[in-house]
Amino acid sequence: MEGAAELKGTDNAPVLPWMRNPIDVSLSDSCPLSLLPFLDSRLEEALQNMGITSLFPVQVAMWQETIGPGSFERDLCINSPTGSGKTLAYALPIVQMLSTRVIKCLRALVVLPTRDLALQVKEVFAALAPAVGLSVGLAVGQSSIADEVSELIKKPKIETGICYDPADFPEMLQSSVDILVATPGRLMDHINNTKGFTLEHLCYLVVDETDRLLREAYQSWLPTVLQLTKCSNENLFGFTGNCPSVIGSLKTIRRLGVERGFKGKPYPRLVKMILSATLTQDPGKLAQLDLHHPLLLTTGQKRYQLPEQLESFKVICESKLKPLYLVALLQSLLGEKCIVFTSSVESTHRLCTLLNFFEDLKVEIKEYSRLQRQSVRSKTLKAFRAGEINVLVSSDAMTRGMDVEGVRNVINYDMPAYIKTYIHRAGRTARAGQSGRCITLLKKDEVKRFKKLLQKADNNSCPVYHIPAESVESLRSFYTSALEKLKESVESEMHLKRNHSFK
């Protein structure tokens, strides 16, 4: 459970020693690309084409620990606020490290909890990898499994007039990608069913949004991945001896190492990078990752971090008139790009429907939730990014990782139950050093609870955002009409569902 208390030491420090003395990346400065040591000139040009001329502190710190003196001697754990640049922080060094590869095979796996987030991360890799001759694949269930297989696995050319032994055919299958961005469920589909799909040569494993991925089992994806990349002479899923390689000329044979720091560990080692804005401190959860001499990178000493340029406000509402306060608030924001968060997909749908029944609102509003088809969500997100939609009403499907440029305001229509949820919601604005606001609508009996919630992030400054009473009162007649239309809409939807269930 996200809000459950995690184990701590007697001095309120984390139980795990390596978490007690993290490296504070906020002490680093941004770094112009021209001064970044060892950066491949082809990647520098690709970054410039992306509009990037310098790296943020967390990106500089990751570069130093991977390409610089650290050179992947240990696994890396990053606890950094939303919008601080974590995706590029791991994508850039991984692409640079793989740029010298000769034979194509799957060497880097990035796992994310949602399709939309995976699509976003894939775009970052796709902007970098081709510059150094690498290819990136996507396994998220957006297309059919057959289509994904054709993108991920390269079948050999069969020449006419030559006899092939069917037993040798699987050995001729090769990976079409060097880097794979995947969601856990579809990853397991390929592990279990796709011929030629192997993690035997995997060098890097990225677990993005670690808290959520550790909280949900997803068909035991993590122990499966770790087992498939362990030393070759262990008994592995019924096989003994070395695992068969899909590429005859390439063998990644992991054996128990005796090198410094690797005693009793497989070597060559699978490097792990775990990232979150709210990284768990629970030893039991972290143990699942089997981390190797982990190094923790954080931004400041506080456990929970809000974006530096974020302003927090509250609006005290009369319970029955809460939608009116929201409408008055949206009108006061004069068309600025906003995300409105609710507590459930059902609330998202009803609130968005109600808002669109208000007359003369002059604000384009759409909903975004996990109950919608992927194609609908993608279309909505594209329109929101392009500015064709002013307001997105969302469930917590959008709280983690999603990056939409120009979001000026986050509005909590429903107060979040946990500080982690508040942090991830608020992190949709004030990203990459930009300013932003997070405004929470509260009933009077929620004010004290909300104050305690913010104190967990050392946030004691949350002034009232004033909405004139006359602005709310002027909307009452529109509200009555909108409620009647909402009632009719809900009844119509329920009628359609009943008819559909009888068919």
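**Close-up 1. In this predicted model, six strands form an open sheet in the order S15-S20-S19-S16-S18-S17, with parallel pairing.** Strand S15 (310-317) and strand S17 (365-368) stand at the edges and have a single partner strand each, so one side of each is left without a neighbour in the sheet. On average, and with direction ignored, neighbouring strands of this sheet are turned by 20 degrees against each other.

**Close-up 2. The pairing of S15 with strand S20 (residues 436-443) and the helices that pack on the sheet.** S15 and S20 run parallel and are joined by eight bridges; in one of the pairs of residues concerned, Leu 310 has Gly 436 of S20 as its bridge partner. Helix H13 (residues 419-426) packs on the sheet, where it touches S15, strand S16 (338-341), strand S19 (409-412) and S20, and the direction of H13 makes about 150 degrees with that of S19. Helix H14 (residues 447-455) also packs on the sheet, touching S15 and S20, and the direction of H14 makes about 145 degrees with that of S20.

**Close-up 3. The crossing of helix H3 (residues 86-98) and helix H4 (residues 115-128).** The axes of H3 and H4 come within 10 Å and cross at roughly 35 degrees, and the crossing is right-handed. From H3, the residues Thr 87, Leu 88, Tyr 90, Ala 91, Leu 92, Ile 94 and Val 95 meet Val 121, Val 124, Phe 125 and Leu 128 in H4. Sorted by class, this contact of H3 with H4 has 10 nonpolar residues, one polar residue and no charged residues. An α-helix has 3.6 residues a turn, so residues three or four places apart point the same way.

**Close-up 4. The buried residues of helix H6 (residues 184-193) and the elements around them.** Pro 184, Arg 186, Leu 187, Met 188, His 190 and Ile 191 are the buried residues of H6.

Close-up 5. When residues up to four places away in sequence are not counted, Thr 298 touches Pro 22, Ile 23, Asp 24, Val 25, Ser 26 and Asn 79.

Technical notes: Residues are numbered from 1 along each chain as its sequence is written. This is a predicted model: local features need pLDDT of at least 70, side-chain atom pairs count only at pLDDT 80 or more; totals for chains, interfaces and linings use all residues. Side-chain values use heavy atoms; hydrogens and water are left out. Axes are lines fitted to C-alpha atoms, for helices over the stretch in contact, and angles run from 0 to 180 degrees between N-to-C directions. Helices (H or I, at least four residues) and strands (E, at least two) are DSSP runs, numbered from the N terminus. A crossing is left-handed if the near helix is turned anticlockwise from the far one by less than a right angle, and right-handed if clockwise. Contact means heavy atoms within 4.5 Å. Ala, Val, Leu, Ile, Met, Phe, Trp, Tyr, Cys and Pro count as nonpolar, Asp, Glu, Lys and Arg as charged, and the others, Gly among them, as polar. Two strands pair if DSSP finds at least two bridges between them. Buried means under 20% relative accessible area, exposed over 50%, partly exposed in between (1.4 Å probe, protein chains only).
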